[in-house]
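Here are my notes on the model you sent. They go point by point and stay with what the coordinates give.

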Amino acid sequence: SNPFEVKVNRQKFDILGRKTKNDVGLPGVSRSKAIKKRNQTLLKEYKEREKTNVFKDKRFGEYNTKITPEEKMIRRFTLERQQNYGKKNIYNLNEDEELTHYGQSLAEIEKLNDIVDSDSDTEERGTLSAELTAAHFGGGGGLLRKKVSSEQQDEEEEKPKSRKELIEEMIAKSKQEKQERQTRRESALELTEKLDKDWKEIQSLIARKAPKSERKDKEVEKPKPDEYDMIVRELGFEMKAKPSERLKTEEELAKEEQARLQKLEADRLRRMRGIDEEANKKRPSHMSADDLADGFILDKDDRRLLSYKDGKINIENEEEEGEEEEEGEEEGEEGDNENEEESQEESASEDEEDDAADGHSDLESDLESEGEATENKEEKKHEANENESQNVEKLDPKREAAKSELPYTFAVPESYETFKSLLAGRTIEQQLIILERIQKCNHPSLAVGNKAKLEKLFGFLLEYIGELATLDLPELRTIDKLVLPLYNLCQMFPEAASDSIRFILRDAAHDLEEVIEVKGCATLPGLDTLIYLKIVSLLFPTSDFWHPVVTPAFMYMSQLLTKCRITALQDVIKGLFICCLFLEYVSLSRRFVPELINFLLGILHISLPKSQAQGYTVVHPFTPVGKNLELLLVCDKEDLKSWEKQNVPLSIVTRLKEASRTEINHTRLSCLALCFDLIKKCSALYESLPSFHEIMHPVRIVLTQHIPVNEYPEKMQEWYHSALRELENKVKHYTPLICEKKKPVPLKQYTPKIVKVLEFGRKQAGSKKEQERKQLIQRHKRELKGAIREIRKDNQYLARMQLSEIMERDATRKRKVKELLGSLATQEGEWKAMKRKKWKN
């Protein structure tokens with residue numbers, strides 16, 4: 001840029017912070033001016049940040065004319081001593097206090113008056129004199145360098161003693177000290193003996209002991225111990241608390257239970273095979289040919305008497321003993337046919353050899369001996385077979401008992417057919433035991449795949465319960481017992497259990513929707529689905545706001561009460577069962593179920609005659625007219641009189657076709673009484689609702705105006721009055737809601753409607769105060785931005801100054817280091833040259 005083209009207006013006085021009009025020019029000029037200003041102001045402050053130009057006299061009383069110079073000096077001296085004392089004597093101990101150790105002053109202990117002499121045999125053994133210590137541990141020079149005390153120097157000046165004289169003097173002195181200690185010890189012993197003698201004489205005068213003869217005459221009764229003393233002694237002899245064994249983990253308990261069941265199963269199989277464990281224990285062990293039989297004990301006399309009969313040896317005794325031995329062997333080897341046959345053959349061959357030897361000893365012909373041997377063999381075989389059959393007959397009851405006993409270990413069935421065959425023909429107690437043992441033997445902690453197997457078992461058990469419910473005579477008691485193992489499996493695998501039940505509910509809901517789409521209406525499901533809904537309330541929490549299993553079940557039950565038509569008494573019983581389930585579901589959450597109130601109103605509607613079923617509104621699935629209107633109406637007076645209140649079992653659904661007319665009428669009356677009871681429970685459950693009276697208003701109208709109460713039995717009338725009393729005794733706790741009144745719509749007029757159009761980007765006009773306020777706000781924003789910008793630039797400027805100082809220091813240090821290294825190198829070169837020159841010389 002051409003400097004002649006730049007216009008600069010000079011200013012007489014430079015004022016910091018004031019903006020002037022002459023600060024106008026090219027950008028480079030303005031920036032150089034800013035840097036110049038910072039060099040004059042900010043840089044100067046930065047360089048003088050640690051300097052002070054003021055000297056302050058802080059001497060005490062320098063400018064105080066009221067204090068004399070002597071007092072001023074005394075005060076200054078005191079302050080100086082205080083300052084020095086506070087700094088130097090922080091950790092010094094107080095000199096006035098006397099420190100002690102075991103009651104002795106540390107100052108006296110440090111004087112080392114008690115010196116241990118190791119040569120002494122007295123009580124003060126181990127003490128050494130100062131001269132001896134200096135002689136032995138001071139190197140011996142201490143004796144020669146020993147100086148005479150100042151008192152002796154004053155009296156007489158003598159020459160230093162020789163080493164020999166000093167040692168002789170030291171020995172004499174130690175002997176003298178030893179003699180003194182011995183004298184003191186002897187005097188102390190004499191004094192002690194004298195005191196003991198005097199004390200015995202005094203003691204005989206103070207207390208006189210009576211002789212034994214007098215003591216027997218005057219026996220002093222010992223005081224009985226106090227109750228407190230007795231309790232203290234009992235507490236001393238009480239058993240102390242011992243630490244109990246730690247609680248075992250779930251895995252350890254499962255392993256112990258599995259081991260126990262496996263052992264019981266092994267014992268059962270052994271009993272079933274007829275193997276006697278005690279016989280196996282008594283069975284002799286194998287003896288080798290080299291056995292010396294050192295532990296042989298003769299229990300009884302096994303010697304035989306040699307006798308002859310008709311010129312032949314009498315072998316009856318031998319046969320009896322052989323039979324006994326065979327019986328013992330058979331008892332020890334039952335259940336193993338091969339071993340029995342081998343043992344029989346071996347015994348037979350041995351008998352043949354013995355018989356042959358006996359025959360030769362009698363000098364008889366070979367033919368006779370062979371004939372006798374064959375006869376004996378046949379007789380022994382026949383007797384062995386008889387004994388075996390007798391033993392089998394004895395063990396048959398044990399085997400049958402073991403076979404009829406349940407196994408203790410079970411594998412998890414892989415299919416539903418296997419599971420069903422496992423439980424078929426068993427009592428409910430046996431089924432529960434089987435399910436319990438399956439869970440224990442296949443606990444998830446025992447093997448990796450057990451978890452998946454037990455999850456399948458939950459599905460099989462659900463399917464089995466559904467099959468029991470669909471029988472002609474449903475086994476509801478068996479189902480009730482099977483809920484317990486179902487609950488245990490659900491607690492072990494909640495996710496798998498919820499998936500299984502949710503799958504069943506989803507299929508039931510889809511079937512219901514398909515039937516409604518095809519036929520337009522549907523019927524209530526079977527007992528298996530109703531039992532599944534009941535099981536849901538037992539396995540899962542029903543008070544949650546949302547639950548993955550309970551919420552779908554809740555929605556499915558509400559669809560059943562609104563979309564399934566009531567065409568028979570079975571449908572009424574099923575619907576009332578669902579109503580009871582609804583009350584069970586919402587007993588804690590008190591959630592309002594409009595389908596429940598609507599269904600109870602419909603039950604009252606179908607119990608009225610056609611002439612009285614008017615004057616109120618009925619919602620689907622009930623209709624104001626139709627053939628199913630008087631479904632619960634009972635006109636037979638005899639049946640009305642003979643009716644008694646009974647619970648309506650769910651299994652009656654399958655037996656209504658075979659029931660008589662009287663039983664059907666009694667069932668209808670029981671359903672109506674159950675409806676009254678449910679109305680009473682609903683009124684107690686929903687009494688806190690704001691719109692309780694409006695909700696129960698249709699039910700109250702039917703009860704008060706349409707029900708023929710006088711025609712019902714007395715028990716029915718009691719149920720009716722209790723339900724009506726529960727409805728009417730509720731007090732209104734709210735004011736009814738009223739719709740807000742709308743403002744009247746104004747008439748249309750032809751006056752134009754003026755709407756202010758805002759022009760964005762321009763400052764809108766306003767009052768003077770408002771304009772001033774906006775100007776101040778805008779000015780404040782502008783100044784704030786400028787201040788922030790200047791502060792940021794100042795910080796950057798200071799950072800540059802600091803960086804330049806650091807770089808300058810580093811450069812100076814490098815230069816000095818280089819100079820030092822150069823001087824060292826020069827010195828090293830000179831030293832080497834000098835060394836070379838020296839070697840040459």
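At what angle do helix α16 and α17 pack, and how far apart are their axes?

1. The angle between α16 (residues 416–423) and α17 is about 130°, and the axes lie 10 Å apart. Axes here are lines fitted to C-alpha atoms, for helices over the stretch in contact, and angles run from 0 to 180 degrees between N-to-C directions. The two helices are therefore oblique to each other; angles under 35 degrees count as roughly parallel, over 145 as roughly antiparallel, 65 to 115 as roughly perpendicular and the rest as oblique. From α16, Phe419, Leu422 and Leu423 meet Gln431, Ile434, Leu435 and Ile438 of α17. The residues of this contact are six nonpolar, one polar and no charged. The classes are nonpolar (Ala, Val, Leu, Ile, Met, Phe, Trp, Tyr, Cys and Pro), charged (Asp, Glu, Lys and Arg) and polar (the others, Gly among them).

2. On the basis of these notes: this is a predicted model, in which local features need pLDDT of at least 70 and side-chain atom pairs count only at pLDDT 80 or more, while totals for chains, interfaces and linings use all residues. Residues are numbered from 1 along each chain as its sequence is written, and side-chain values use heavy atoms, with hydrogens and water left out.

3. Overall, the protein has 30 helices and five strands. Helices (H or I, at least four residues) and strands (E, at least two) are DSSP runs, numbered from the N terminus. Of its 841 residues, 26% count as buried, where buried means under 20% relative accessible area, exposed over 50% and partly exposed in between (1.4 Å probe, protein chains only). Among contacts with a separation of 6 or more, 70% join residues 24 or more positions apart; a contact means heavy atoms within 4.5 Å.

4. Arg437 belongs to α17, which covers residues 428–441. Is Arg437 buried or exposed? Its relative accessible area is 16%, so Arg437 counts as buried. Beyond its neighbours within four places in sequence, Arg437 is in contact with Leu261, Leu406, Pro407, Tyr408 and Phe410.

5. Helix α18 (residues 450–469) has 20 residues and spans 29 Å from its first C-alpha to its last, close to the 28 Å expected. The expected span is 1.5 Å times one less than the number of residues. Buried residues of α18 include Asn450, Phe458, Tyr464 and Gly466. What the buried residues of α18 pack against is α16, α17, α19 (476–492), α20 and α21.

6. How do α21 and α23 lie relative to each other? They pack at an angle of about 10°, with axes 10 Å apart, and are therefore roughly parallel. On the α21 side the contact is made by Leu530, Leu533, Lys534, Val536 and Ser537, and on the α23 side by Lys574, Phe577, Ile578, Leu581, Glu584 and Tyr585. This contact has seven nonpolar, one polar and three charged residues.

7. Helix α22 (residues 550–563) has 14 residues and reaches 20 Å end to end, C-alpha to C-alpha, close to the 20 Å expected. Its buried residues include Val550, Phe554, Met557 and Leu561. Among the elements covering them are α20 (494–519), α21 (527–539), α23 (569–585) and α24 (594–606).

8. Phe545 sits in the loop between α21 and α22. At a relative accessible area of 78%, Phe545 is exposed. Phe545 and Ser589 are 44 residues apart in sequence and 8.2 Å apart in space, C-alpha to C-alpha.

9. Phe676 is in helix α26 (residues 661–685). With 1% relative accessibility, Phe676 counts as buried. Not counting residues up to four places away in sequence, Phe676 touches Leu604, Leu703, Met716, Trp719, Tyr720 and Ala723.

10. How many disulfides does the structure hold? The number is zero, a disulfide being a pair of cysteine sulfur atoms within 2.5 Å. For Cys564, the nearest cysteine sulfur is that of Cys521, 9.1 Å away. Cys564 is buried at 1% relative accessibility. For Cys671, the nearest cysteine sulfur is that of Cys675, 9.5 Å away. Cys671 is buried at 0% relative accessibility.
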